[in-house]
Amino acid sequence: MRRKVQSAALGADYALSDTDSLSLSARYNVRASRERMALRVRPAQGGMQTGRWQAFNPSLHLKYAASDKNDLTLSYRRSLQRPDPRDLNPFTTYVDAQNLSRGNPGLKPQLLTSWEIGTDADMEHLSGSVSAF
């Protein structure tokens, strides 16, 4: 199996507002990637299979300071999850006498989108955070 990956990333942090009444900051990242993979199998199985994938993966993280001791956060992220090379291996691998595994060379990457919202709180002798995604 041959695999060629090209990627580039760019990020920025912004202080949108930083006054006594409002503190809001943002972080933006973007990652662009391109991948080409070639899987060579036996001629009886159809020769060589190739896959090409491209992705534009942005992420955005917002943080609002509700008070000196409480922050609210909101995050968005998109990413491309590629199959592991061993999951693509079409040949049977015998792990032991009762277990074997075989991959699927037709697997494609999946596009993931995630959201997260949360809060951070600081008290005199205790701090904590709660988030949902």
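Biologist: Which residues does phenylalanine 56 touch, not counting residues up to four places away in sequence?

Modeller: This is a predicted model, in which local features need pLDDT of at least 70, side-chain atom pairs count only at pLDDT 80 or more, and totals for chains, interfaces and linings use all residues. Residues are numbered from 1 along each chain as its sequence is written, and side-chain values use heavy atoms, with hydrogens and water left out. A contact means heavy atoms within 4.5 Å. With residues up to four places away in sequence set aside, phenylalanine 56 touches Tyr28, Val30, Arg31 and Arg78.

Biologist: Is phenylalanine 56 buried, partly exposed or exposed?

Modeller: Buried means under 20% relative accessible area and exposed means over 50%, with partly exposed in between (1.4 Å probe, protein chains only). Because its relative accessibility is 46%, phenylalanine 56 counts as partly exposed.

Biologist: Where does phenylalanine 56 lie?

Modeller: Strands are DSSP runs of E with at least two residues, numbered from the N terminus. By that naming, phenylalanine 56 lies in strand S3.

Biologist: What separates the C-alpha atoms of phenylalanine 56 and leucine 80?

Modeller: Along the chain, phenylalanine 56 and leucine 80 are 24 residues apart.

Definitions and conventions
Helix = DSSP H or I, 4+ residues; strand = E, 2+ residues; numbered from the N terminus.
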